Amino acid sequence: MFSNWCWHEPFQVLIDAGEGLQLALGQKIWAPEVVALTHGHSDHVLGLPGFIASRRFAKGAQDKALTVVFPDGNNGVLAVRELLARMWPAAEFPITWAPLRPGGEFRIGRTRVLLAFATSHGGSEPTQGYAVLEERRRLKSEYAGLSEAEICARVREHGRDALMEPYRHVRFAHTGDAMPIDPSLVAGADILVHDATFLETEDRKWDIHATTVEALDVGRAAGVHCLVLHHLSIRYDRAAALPALRAQVAGSGFEGECWLLDDGRLINLR
Ligand SMILES: [Zn+2]
């Protein structure tokens, strides 16, 4: 019921911080190193004060640093930041607030960055999604046709680095609340969590959320390996919606794994 967040445990990244976050995480509240807020709507940020207060005042790793990445200038986020400052003026929370604009990056570890990308979610406030990009190296395409022996000869002559080029692979991406995103932002992603609020376009009054079919189209066009649909409207009775959604997935042409993130559970849609 109107509380959104997504905990990516391997990268220790939280996307958004809806109400009840610290209760759901339990002892894991000290694990996240980064909270990336997609926008300042109440169902995405009101869990932040409780989460941060629990980290500060409960028994555990109270000094552990936390960075809150957010859309630069977003008033909902700035209001929460001010609430924390006024509620606990004497408390020293080990928080770094990191405003980002679309295209901006925040490094998370030695080989990964969190990239912000613009999303369309109505209103005048800035909103954005995030992609975790992993920096990798591969053989330059001009050498792709060479045999192993030829490649070895060139490595001996020019050194390994001359044959390799860096590239970035999308390990994980999250749209937050959004209309369908540009698939090129998440090409080849391992995991994409995409807004999928409406089962039918006719149910959408304002262009601020995607439909399930639109999310599947993004997944197909981007060649995503695992698509996670989230934010399915509570107007839909789940017993009726799940078969309809599974039929959409089956007929979508999207061939990867497909899950629904719903009420704290992942439901396989295959
Ligand atoms: Zn929203």
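Among contacts in the protein between residues at least 6 apart in sequence, what share joins residues at least 24 apart? The share is 61%. Keep in mind as you explore that this is a predicted model. The protein has 270 residues, and 47% of them are buried.

**Overall build**
- You can look for 7 helices and 13 strands in the protein.
- Along the principal axes, the C-alpha atoms fill a box of roughly 65 × 50 × 35 Å.
- The protein exposes about 13,500 Å², with 52% of that supplied by carbon and sulfur atoms.

**The zinc site**
- Four residues donate to the zinc ion: His39 through NE2, His41 through ND1, His121 through NE2 and Asp177 through OD.
- These donors lie 2.2 to 2.4 Å from the zinc ion, and their spacing along the chain reads H-x1-H-x79-H-x55-D.
- The arrangement counts as irregular because the angles between the 4 donor atoms run from 91 to 168°, while a tetrahedral label needs all angles between 85 and 135 degrees.
- His39 is buried, with 1% relative accessibility, whereas His41 is partly exposed at 39%.

**The nonpolar cores**
- The largest nonpolar core holds 32 residues, and those touching the most other members are Val186, Leu192, Leu227, Leu229, Cys258, Leu260 and Leu269.
- Elements giving two or more residues to this core include β7 (112-118), β8 (128-139), α6 (212-222) and β12 (257-262).
- Leaving aside residues up to four places away in sequence, Leu269 touches several residues, among them Leu229, Leu242, Cys258 and Leu260.
- A second, separate core has 23 residues, including Leu14, Ile52, Phe93 and Ile95.

Conventions:
Residues numbered from 1 in each chain as written. Predicted model: local features only at pLDDT ≥ 70, side-chain atom pairs only at ≥ 80, totals over all residues. Heavy atoms only, no water. Donors = N, O, S within 2.8 Å, 3.2 Å for Na, K, Ca; no water. Tetrahedral: all angles 85-135°; square planar, octahedral: opposite > 155°, others 65-115°. Buried < 20%, exposed > 50% of the residue type's maximum accessible area, 1.4 Å probe, protein only. Core = buried A, V, L, I, M, F, W, Y, C linked by side-chain atoms within 4.5 Å. Helix = DSSP H or I, 4+ residues; strand = E, 2+ residues; numbered from the N terminus. Contact = heavy atoms within 4.5 Å. Areas by Shrake-Rupley, 256 points an atom, 1.4 Å probe, with all protein chains shown as cover.
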